[in-house]
Each structure stands twice: as structure tokens, then as C-alpha cells.
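Please look through the structure shown below before reading on. The paragraphs that follow lead from the strands to a pocket.

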Amino acid sequence: MRIARSFAELRSFLPAFRPHPLCLVPTMGALHEGHGALVDRGRSEGGFVAVSIFVNPLQFGPTEDLGRYPRTPEKDIEFLEKKGADLVFLPSPEEIVPRDATITVNPGPVGALYCGASRPGHFEGVLTIVLKLFHLFGPDLAIFGEKDRQQLFLIQKMARDLALPVRVIGHPTIRESDGLALSSRNRYLNTEERRRATLFPHHLTTTKRRWEETPPLTSEELDSLRTDLEGKLSREGFVVDYVAFVDPDTFREATLPLPRRVILLAAVFLGKTRLIDNVVIEADLSRV
Ligand code: AMP
């Protein structure tokens, strides 16, 4: 596995991977089996797999966890070596974010909803760095996790809107055996919080089942599904950031008549840790 720590090193390694297809998996490191699944997926799509590890300061707000975000580069390199990645890129913040940089990517209206509402500037920071990584690697394919569903939507939209020559695909969320989505931030949870965290995906799944059994037909029924879920989460000790039923095509809140497929998207705080998750709801509207 090649290890590049600068643009120059990266440029010197890339020609060796051509003319085969190149797949890029961007990450912020502290790698776990969720990231591992993206590498495996890249391999199964054929060609070489490159992974970038960069804790992107542009996507953190001033009061967020940039300083304490876990950084485990040596373990990550070992992990990727075992996974059979072909190239890992660990750029320095100084090189990837020039001090005098002023040009950024505007994520448009969807960038201000959900996670973007509670984290102003977050998706602008994400898209700016992802676009830069696309330029640096020139990948044929890029893989992102469905766990970060809004991020995946916006990166796919950026690729379409700006005619980027890269195919962006999503990969299903990898979960612990109790249902909690793997996340680098899970290590912030203490034992009691970790035990309780399983209730977050549990209640999302219960709401999904309820919807699929009896799809909401009125805005009152839709509101009551949302408030019931928020109530359950609050009673279990979560502070709800948002709960939204989202139309996957537009990523706007789903409205009546509801589409067949809806994404239930949510973010909660458990103590100081912010958790996000989502599930896909597939209603059989012919029964309605
Ligand atoms: P991060 O390092 O958290 O920025 O994540 C890097 C990539 O891995 C993103 O595309 C995430 O959506 C994806 N990812 C993170 N956790 C998971 C998971 N549990 N399952 C699948 N993909 C994930």
C-alpha cells in the first residue's frame, strides 16, 4: 500500500494505478468496519482503492469537537493495509486548506436543512474538501456511507450539478450487533450512554414499522408519528436535534400525498455526543 502525505507524493503515485479504474473513499480517520465496508465495496467494483484520511476543519463549527476528534493515523494505516487498500492519502491541513483560501462550494438550499441547520457551514466545508479531493485524485468512482445520508445526497447533487466526471455511490450503514451505527464518535460515549444509545436506532425502526403497517394519510397522522418518536427519544434521555421524514428525490420534507419511499432522518445528543442515523421507509401505498 502506498502512503502519500503531500500533493506531490500523491501525484507521483497516481500514474501507476492507470489505466485501471480508481475508486476513492474519503474519511476523517479513526477507522472502523463501517469505513472498511466502503473499501471492500470499492474493491468489489473493480480497480484500485484509495482512501483519504483528513479531519476537515472546514466542516466543524467553532464550538464543535475538532480539537478532540479521534486521530489514530498509525492504527488506520495498519487497518487499511489489512483491508488491502492500494493507496492512503494523509494530507497536512496547511496544504489542503491554504491559509488565504476564500473560494468554497455553496451546497444550495438543502445544505441549510437538518444537519445543516444545526451545523451552519458544515456542508459547505464538506463539499469544498470533497471537490478538492476529486480534483487531486481524479477518481472514476467515489463511495460514501448512507449513514451520512444528507452528505451523500449533496455530494451526488454536486457531481450532477457541476458535471464532475466521477460516479458517486452510497453504501449501506454498518451497525453494531445491537443496531447502533458504527461511528468514530461512538468512542465518546461512556458505558451508560453506550448502553442507552441502542434505543436511538431501535425507535427509528419502530417508527418505520408503524408507518409501513399503517401509512399516514393526513398531516395530523404524520405529525403524530414525529411527535411520538420525539417523545420516546426524549423520555430515554436523548436531546432531539431534529427528526424529519424526507423525500429521497429532493431531500425536502415529504408532503402529502406521501411518496412510496421516505427517509426517516434524525440527530440526537446523548450527553455531549451527537449521533445521527436514518432508515428507509418503503410503504405499500396500494393498500392505502
Ligand atoms: P467519516 O470518517 O465519519 O467522515 O466517514 C467517512 C465515510 O465513511 C463517510 O462516507 C461515511 O458516511 C462513511 N461511514 C461512516 N460510518 C459508517 C457506517 N457505520 N457504515 C457505513 N459507512 C459509514
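Two strands pair if DSSP finds at least two bridges between them; helices (H or I, at least four residues) and strands (E, at least two) are DSSP runs, numbered from the N terminus. The model is a predicted one, in which local features need pLDDT of at least 70, side-chain atom pairs count only at pLDDT 80 or more, and totals for chains, interfaces and linings use all residues. Residues are numbered from 1 along each chain as its sequence is written, and side-chain values use heavy atoms, with hydrogens and water left out.

In this model, 6 strands form an open sheet with parallel pairing, in the order β1-β4-β3-β2-β5-β6. Its edge strands, β1 (2-4) and β6, each pair on one side only.

Strand β6 (residues 167-171) is largely enclosed by the rest of the structure, because 4 of its 5 residues are buried (under 20% relative accessible area, with a 1.4 Å probe and protein chains only).

Where does the largest share of the lining of the second largest pocket come from? Helix α6 gives that share, 5 residues. A pocket is an open set of points on a 1 Å grid over the protein atoms alone, where a 1.4 Å probe fits, with protein on both sides within 12 Å along at least five of seven lines; lining residues have an atom within 4 Å of a point. The second largest pocket is lined by 18 residues, and Lys 132 is among those nearest its centre.

Key. Buried means under 20% relative accessible area, exposed over 50%, partly exposed in between (1.4 Å probe, protein chains only).
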